[in-house]
Amino acid sequence: MKEFAYSRARTAAEASALAGRSGTCLIAGGTELLNWMRLGIVAPDQVVDIGAIPGQAGIRLEGDTLLIGALADLNRIAGHPLVEAHAPLLGQACRSAASPQVRNRATLGGNILQRTRCPYFRAEEPLPWGCNKRRPGSGCSAHRGRNGEHAILGWTGSCVATHPSDPLVALTCLGAEVELVSPNALRRAPVGTLHVTQREARHAGEDSARYENTLRDDEMIVGFRIPAQSVTGTSYIKVRERRSYAYALVSAAAALRVEGGAVRSLGLVLGSVAQRPWRLRGAEAALIGQPISKDTVHAAVEEDLREAKSLPDNEHKIRLARNAAVRAVLTAATS
Amino acid sequence: MDVAARGEQTAVGVRLTINGLDYFARVDARTTLLDWLREGAKLTGTKKGCNEGACGTCTVLVDGRRMNSCLILLAQCEGAEITTVEGLADSAGALHPVQEAFIEHDAFQCGYCTPGQLLSAVACIAEGHTGSADEVREWMSGNLCRCGAYPQITDAVLDVAERWAP
């Protein structure tokens, strides 16, 4: 790990001003940043600790909106009565992430800025193989090599990474907004559009492997706003190689409102299939007004996933994604 | 130009308590809580396994909550109260009920994961995640045991949860 200077920020404005300087990283929990620094994914000169900024870890209700501070940790969120009452889907997703120890430390703001679990990306310097995220132009070893856990949507030949967060999938499904502070402004954005796929990065004229989100250098996440929805059921399904303490192969979040036997509203989002949460807009629209049955949900999801394109090792992920999405809706319907 | 050449401060002073005793440390900012516990405070009960937050053997309590000490900079611990495995027994040397239960149930073999298992078990019980063997397994999943003492660890946690109120 390279030598760095350490300081503590007292306010969010002060931290965001420092964040804009090159060579500076913010640290909150640190469960990601420490490993990035060990591997050489980042090598900051300056680390600014935002973990003790007052008033940034709160969870409260304001009218019909649940507000969660960026510094709230995953276990506090999962166990909070307001989250249980107004966004149990988020609690479920938080509880399914990492281990109890990591969840006590990991903040929600940091969680959604975690980076891909691609093993070619998470290698120690000096990098023994190509990775366009780590070294521009060095090639994507996963695209040519082992890619069983990689993207089935939105990828390009220069990067096939997925975003591994569980809470981000739930937040997207619930239509949450992220609040971003910069030295001169506060802005809000739908959390589901903060990250971009490799294809979207390329269309925006950016480096398709390195441009991962629309956060500016001098912006800092300070909180999340979750509309308290009138849903009749929600469900988060996480498919993984072991039942606990593993990253998702595929995950699916559903938030459903059924009235008189028919779907009135549906949020349906997949995780770990692309570099951002993947909303199944086609299936959401197709199911409105329909009764919930395994056949109708299956058909709608299958149709929506026709655009998925597998890599040599991950054809199974298309079927996993379909089944997880169907199960999430059916579980939400009976919860 | 690197930080040192620019004359910026790469050392940091931290006040904290470990097992009820006050400490002041002045360390390179890169120092993790884990490395400082072992090398600085000479409390080598806390073990270093994967050093990336995957194995749980470095688990300690920070302000009463279990965390991986390899994923925390000492600099982030200003004012924190840390409990390590050395702080579980009472001042007369009587073992903590969780330690007693681990011995009684033979909940270890090589012992390398045990300090982390003990701290995690103390926290798991205090959190109330001991309603069933499944619940204990889920909430102890952040501590790996390569000898495979999981059934005995689960038994020890369930047993002590019935007898001991934190």
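This report describes the nonpolar core, the domain and chain contacts, and some backbone features of a predicted model.

## The nonpolar core

The largest nonpolar core of the model holds 156 residues, and those with the most contacts inside it are L90(A), A253(A), A254(A), A325(A) and A328(A). Among the elements that contribute to this core, helix α13 of chain A, which spans residues 316-334, gives the most, with nine residues. Chain B takes part as well: domain 1 (11-87) and domain 2 (97-163) of chain B both give residues to this core, so the core lies between them. As a general background to such an arrangement, nonpolar side chains in soluble globular proteins tend to be buried together.

The surroundings of one of these residues can be given in detail. When its neighbours within four places in sequence are left aside, A325(A) is in contact with A252(A), L268(A), L270(A), L280(A) and V301(A).

## The two domains of chain B

The domain assignment of chain B gives domain 1, covering 11-87, and domain 2, covering 97-163. The centres of domain 1 of chain B and domain 2 of chain B, taken over C-alpha atoms, are separated by 22 Å, and the contact between these domains takes 13 residues from domain 1 and eleven residues from domain 2.

On the side of domain 1 of chain B that touches domain 2 of chain B, β3 (59-62) and β4 (65-68) of chain B each supply at least two residues. The largest share of that side comes from β3(B), which provides three residues.

## A helix pair in chain B

Helix α2 (residues 97-104) and helix α5 (residues 150-163) of chain B have axes that come within 9 Å and cross at roughly 135°. That angle makes α2(B) oblique to α5(B), because angles over 145 degrees would be needed for a pair to count as roughly antiparallel. The crossing of α2(B) and α5(B) is right-handed.

The residues that make this contact are P97(B), V98(B), A101(B) and F102(B) on the side of α2(B), together with A156(B), D159(B), V160(B) and R163(B) on the side of α5(B).

## The contact between chains A and B

The contact between the two chains takes 21 residues from chain A and 27 residues from chain B. On the side of chain A that touches chain B, the elements that give two or more residues are β1 (5-8), α2 (33-39), β3 (46-49) and α6 (100-105) of chain A. The element that gives the most to this side of chain A is α6(A), with five residues.

## Backbone features in loops

In chain A, the peptide bond that runs from E125(A) to P126(A) is cis, with omega near -5°. P126(A) has its place in the loop between α7 (108-112) and α8 (141-144) of chain A.

Y245(A) is in the loop between β9 (233-239) and β10 (250-259) of chain A, whereas D106(B) is found in the loop between α2 and α3 (114-127) of chain B. Y245(A) counts as buried because it has 21 C-beta neighbours inside 10 Å, where 20 or more are required. D106(B), by contrast, counts as exposed because it has 12 such neighbours inside 10 Å, and a residue with 12 or fewer is placed in that class.

Key:
Residues are numbered from 1 along each chain as its sequence is written. Chains are lettered from A and ligands numbered from 1 in the order in which they are written. This is a predicted model: local features need pLDDT of at least 70, side-chain atom pairs count only at pLDDT 80 or more; totals for chains, interfaces and linings use all residues. A nonpolar core is a set of buried Ala, Val, Leu, Ile, Met, Phe, Trp, Tyr and Cys residues joined through C-beta atoms within 7 Å. Helices (H or I, at least four residues) and strands (E, at least two) are DSSP runs, numbered from the N terminus. Domain bounds come from an automatic or database domain assignment. Two residues are in contact if their C-beta atoms, placed from the backbone, lie within 7 Å. Axes are lines fitted to C-alpha atoms, for helices over the stretch in contact, and angles run from 0 to 180 degrees between N-to-C directions. Angles under 35 degrees count as roughly parallel, over 145 as roughly antiparallel, 65 to 115 as roughly perpendicular and the rest as oblique. A crossing is left-handed if the near helix is turned anticlockwise from the far one by less than a right angle, and right-handed if clockwise.
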